[in-house]
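Please keep the sequence and the structure in view while reading.

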Amino acid sequence: MNHLEIILKQTWNKEVSCLFLKLPVRKKIIFDESIDSFIRRLADANHIETSSFFAMIGISKNTFKERINNNCLQRLSELSGVEVEKLRKLTFLDIFEGNNKEIDNLVKMKGVYLLKAKICPKCVQEYKYIRKVWAIGLYTVCHIHNILMVEKCPSCNGTLYSNFDSMTECKCGYKLTKGDSKEIEFRSLEKFLYNKLLGFNTEIECFNSLSFSNCLYILIVFSTIVNKLSFSGTVKFTSVENNDIEVFQKAMDLFFNWPLNFMNFIDLYNKTSLGINSHHSGVNKDFGYLYLRLVSKLKSKQFSFIRFEFDNYLINRWEGGLIPASNKELRLNSKFITGEKAAELLKVSHVTIVSLIERQLLVGAVNKRERRMQVLVEKKSVTTYLASIQNMLSASEVICLLGICRDSIHKLQSNDIIQGEKHLLNKKAWAFQRNSVEGLLNNFEKRVLMKGEKQPTDLYNFSSALDQFVSTNSRTIVDLIKAVLDSKLAIYKIDVCKGDLNSYYFSKRETIDYLNRTREGLLNRKEVATALKTDANNIGYWIKLGFLEGSAEHYKIVVSTESINNFIRKYIDLGEISRLMKRQPRWVLEYLQESGVVALSGKKIDGSGTYLFNRNEIFERFRDLIEPILSTDITV
C-alpha cells in the first residue's frame, strides 16, 4: 500500500469530504468502456491496487454483486474529476430505471454479468481497456476480431471476475492475451448489441424504437424458445458455450427481414409438434411453449408488434383452429374474433359471415376440418363493414318499410327505383340504400290527393291495383310505381297512421282507364305467337336473342304491333317457308342447306325451337318456288 492509498483510506474512514483530495493523475473516459475499466485505468495510473480502489469508493468484495450505485459514482467523481453523469453512462444503471420490474429482473439475472467477466484478448492487448458491451450475457463473440470471448483462464480453468486486479492476467499468473483465440464466423448479434447499447440505429428496424433493455429482454425470451426447438437442456446466459452462442444468434435472426423470418420460424415450430399435449386441436397444442411465452412474457404494449404478427400467422397461415377462450387477455388484445362473435356484432347468421369473407367484404379465414368449420375474422374489418352499412337496409328491413314481398323489391331494384347491391350469392344478403327507400315513400306522400276517413268503396288498395296491373298485359309492380311517380295515376290515402305502400289507394275507374289506354298496341306471348303463326315458346327465344323487340320478365312477355311488323319484314321462319313452298319442313331445310342458305337461328345454332332465315334472301333466291306475298304487315 503506497502513501496515497493510506491517505485516501484514512480520509474515507473519518468520513471527511474528499473534495480537495483528487487523484494526482487523471484519465479521460472512453465512450464505450465499462465503469470497471475506467476504475482500473485510474488505479493503475495512480499506482493503487485495483481491489483497494474498489473499496475506497464503496465497493467491497462482499457487496460487489450489488455493483456500483450513485454514492459510489459520487465518490469516484470527486476523486477523478469526471462528472457523475458521464460516469453513469459507463454503467447499466439507466437501463433498469422506469421499466417493468419483470423485465428488469430478467435482464439483471440473465442479461448482464454482475460479478463474472469476459474479455477479448486482442481488444485488451490493442486498446488497453474493457468495453461495456462485454458485460452483456448474449455478447459471446468480439464484433471486431470475430473471436470467442474468454471467460475462463486457459491454464487453470478459473473463472474471471470483475474485481480482479488485472484483466490481462489470471491470478495463477497466466497471460490471457497470449492464449490461442477461437475464431468464429461473422455474427450480426454482437454488432447489434454494441450499436444498440451506444444508442446507434441498427439494421433491425423493428428494434430501433425499443430501449436497449427491451431488446435484450426479447432476445433472452426468444433464446429460450429457440433452445427448446433446437437443443436439449437449458440455455446458459452466463457462459460462453458453442450451443448457447448458436442459440443467441438464431434468436437474433428471427428479427431480420421482419416478419418473414419470424413467420418461417413459427412454421418450423408448428411442424415439430412441441405444443402442449391435448386431445383437441388449437393454439395450445400446436404452439404450446411459444404461445405461453408470448402470452406471459411479451404481454406489454411495447411488444405488441410481435403478438400482432403471431395473430397474423394464425389467420393467414395456421390451419389449427381458434385461440382458446381460457386465454382471455390475448383474445381481447388480438386483432381477430371468432365467426360467432362477428355474426353477433353484425346481427347475421354464421353462414353469412362465411359468405362475406369469401366475397372479401370481411377479412378473415375459414378453416374446414372434417365436419367442423372454424372461422376467424379481423376486428377492424367488422368495424369498417358496420360503418359502410349504416346507411344500408337489409331485404327484410325494406320489406317491412314498403310492405311488399321480397320478389317485388328486387324488381324495383333492377329498374333503378330503389338502389341496392348484392353482397352475397343469395338474395337475402342484398343491401339497399336507406335514402332511396325512404325517398320512394316520400315521393308517394307528395302525390297524395286526399286524406281522411273515407271508406274505400270505389278505391283499389295497393295490392288490388297491383293485381289489375299483373292481369293486364303481364304488367308488374314497376309499372304501377312508375305510373304514380310520373303522375299518370293518382293515389289517395285514408289511414294516416300507416307508412308503407299499402296505405295508398287508387281510384278503380282511373286505374282501369289507365290500363286500357296503355294496353293499345301491346300483345302478350300467346297473341304474338298467333300473329306470327308459330309456337309460343319461340317468342321468348327470339326476344332473348334480339330478333324480336319486346320485354320478357319472369316469363311475362309484352310485344308491340310495331315490333311484330318489323320482325315480319326482316325474318321468316321454317314453318312459313314450308307453307309457301307447300313442302314438309324437313325437305325444305335440307333443300335450303344444299342451296347454301345459312340460318340465322335454330336448334343446332342457338337452341331455339325453329329455324329463322333472312326474308329478303329467301324471296330473292326462291321466288319461283313460293307464292308472292303482297303485304307483310299485320293488323291486330
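## A strand covered on both faces

A residue is called buried if its relative accessible area is under 20%, exposed if over 50%, and partly exposed in between (1.4 Å probe, protein chains only). Strands (E, at least two residues) and helices (H or I, at least four residues) are DSSP runs, numbered from the N terminus. In strand β10, which spans residues 504-507, Y504 and F506 are buried on one side, and Y505 and S507 are buried on the other, so that both faces are covered.

The model is predicted, and local features need pLDDT of at least 70, while side-chain atom pairs count only at pLDDT 80 or more and totals for chains, interfaces and linings use all residues. Residues are numbered from 1 along each chain as its sequence is written, and side-chain values use heavy atoms, with hydrogens and water left out.

## The partners of β10

Two strands pair if DSSP finds at least two bridges between them. Strand β8 (residues 459-461) pairs with β10 in the antiparallel sense over three bridges, and L459 has S507 of β10 as its bridge partner. Strand β9 (residues 491-493) also runs antiparallel to β10, joined by two bridges, and K493 has Y504 as its bridge partner there.

Contact means heavy atoms within 4.5 Å. S408, K411 and L412 in helix α19 meet I477, V478 and I481 in helix α22.
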